[in-house]
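Open the model in your viewer and keep the sequence panel beside it. The stops below say what to select and what to look for.

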Amino acid sequence: MVTETAPPRPTTGPVSLYEGNSIEELRHVVGEHLAPHRLTVLGEQRLPGRFRSFHEGPVALYDLGYGAPVCLRTGELPDFYNVILPYAGGGRVVANGTELASARSVAGPGDRVTMEWDAAALNGALAMSRQTVEQALAVRLGDLPQERLRFAPVLDPADPAVRSWLELAGAFREFAVSALGRQSRLGLQHFEKLLVEGLLDAQPHSLGRETADRGCALLPSALRRAADYCAEHADEALSVADIAQAARVSLRTLREGFRRHLDTTPLAYLRRVRLDRAHHDLLAIADGRATGTVTEVACRWGFTHLGRFSADYRRVYGHSPSQTLGRNA
């Protein structure tokens, strides 16, 4: 389970939680810090196993290597989200009965996971408490979520946003054990928040439509009404006057609110909402969760000029819509 933040330690470098040749003892220590699991050794042990802590808190980071080919099975994961970050060796991950295309993955509360690793495998485990993730969602939604958040299970570094988040996780690994990281508890807390918020923005999830379009819940109420209206009617023909009427303010006040608080215009904000919707639809098609073409998706969200849609999409996501659609081809 994820523990509370420990007081800063004066030394640098990761803390060894276990190193040795007892697979059973290693399984027990890992189970205490993450989740209980069943473990089967599939072949001869070659190296000492090790389990190290880089940071423990609402967002915790470990690395783990069993030193032998193993298969481990969890029950339903408790109240945390676990991101697997392979560093060395190889393996495969099965989540809820489905083998994933990559071991670089994320599972959450209630998921059942089976993993097989070779003797050389060394993996990072980034654990985010469910409470921390839901608090971040509450800021976006205006209230705690009414359903359990589920992330898409595979982290795809071909997506520029995901790749940036993975680089951020690597930077956290270094910062957490640095002299400054040991001394700056507030700095670590900011880093934790950045990792949670970044994962919510970069990785598709079950509340994507509810959160990607609404901005911060601390916006003025009129601007929140405008943002909610854009999110709920993104597939309709809207004018600035429609948005102002929904927000119950004048056109001038609406434009000034978007400029001051969001540094954009109402129609530019609406275009970005629609672009996000199109992006999520294309990812769903690429993952086999939906069917369709780039043209169909663009038209669904009001983009009738395909060349302009492709240019806007590339500027935001770093690649063309067709590249998103064909990423798993």
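A salt bridge here is a side-chain nitrogen of Lys or Arg within 4 Å of a carboxyl oxygen of Asp or Glu. The coordinates come from a predicted model, and the structure holds 16 salt bridges.

**Stop 1: a salt bridge across the chain**

Select R130 and D79. They form a salt bridge, with the closest N and O atoms 3.5 Å apart. The two residues belong to distant parts of the chain, 51 residues apart: R130 is in helix α2 (residues 130–141), and D79 is in the loop between β5 (70–74) and β6 (80–88). R130 is partly exposed, at a relative accessible area of 22%. D79 is partly exposed too, at 43%.

In general, side chains of opposite charge can pair when their charged atoms come close.

**Stop 2: salt bridges within a helix**

Go to helix α7 (residues 221–232) and show D228 and R224. Their salt bridge has its closest N and O atoms 4.0 Å apart. An α-helix has 3.6 residues a turn, so residues three or four places apart point the same way. D228 is buried, with a relative accessible area of 18%, and R224 is buried as well, at 12%.

Next, select R315 and D312 in helix α12 (residues 306–317). Their side chains meet in a salt bridge of 3.0 Å, N to O. Here the spacing is 3 residues, which again means a separation of about one helical turn. Are R315 and D312 buried or exposed? R315 is exposed, with a relative accessible area of 61%. D312 is buried, because its relative accessible area of 18% is under the 20% limit.

**Stop 3: the open sheet**

Colour the strands and find the sheet. Its 6 strands run in the order β1-β3-β4-β11-β6-β9, with antiparallel pairing, and the sheet is open. The edges are β1 (15–20) and β9 (105–107), each of which pairs on one side only. From one strand to the next, the twist averages 20°.

V15 stands opposite S53 in β3. The strand β3 is mostly covered, with 5 of its 7 residues buried.

**Stop 4: helix α3 and its cover**

Select residues 160–176, which make up helix α3. The helix has 17 residues and reaches 24 Å from its first C-alpha to its last, close to the 24 Å expected at 1.5 Å a residue. At its start, a side-chain oxygen of D159 reaches to within 2.9 Å of the backbone nitrogen of A161.

Which residues of α3 are buried? They are V162, W165, L166, L168, A169, F172, F175 and A176. To see what covers them, display β3, β4, β6, β11 (122–129), α4 (179–183) and α5 (185–202), which are included in that cover.

**Stop 5: a buried aspartate in a loop**

Finish at D111, in the loop between β9 and β10 (113–117). D111 is buried, with a relative accessible area of 8%. Which side chain does D111 join through a polar contact of 3.0 Å? The partner is N96, side chain to side chain. A polar atom of the D111 side chain also lies 2.7 Å from the backbone nitrogen of G108.

To display the surroundings of D111, leave out its neighbours within four places in sequence; the residues in contact with D111 are then T74, G75, E76, L77, N96, R148 and R150.

Key: Residues are numbered from 1 along each chain as its sequence is written. This is a predicted model: local features need pLDDT of at least 70, side-chain atom pairs count only at pLDDT 80 or more; totals for chains, interfaces and linings use all residues. Side-chain values use heavy atoms; hydrogens and water are left out. Two strands pair if DSSP finds at least two bridges between them. Helices (H or I, at least four residues) and strands (E, at least two) are DSSP runs, numbered from the N terminus. Axes are lines fitted to C-alpha atoms, for helices over the stretch in contact, and angles run from 0 to 180 degrees between N-to-C directions. Buried means under 20% relative accessible area, exposed over 50%, partly exposed in between (1.4 Å probe, protein chains only). A polar contact is a pair of N or O atoms within 3.5 Å; within protein, one must be able to donate a hydrogen and the other to accept it, and residues adjacent in sequence count only if both atoms are side-chain atoms. Contact means heavy atoms within 4.5 Å. The expected span of a helix is 1.5 Å times one less than its number of residues.
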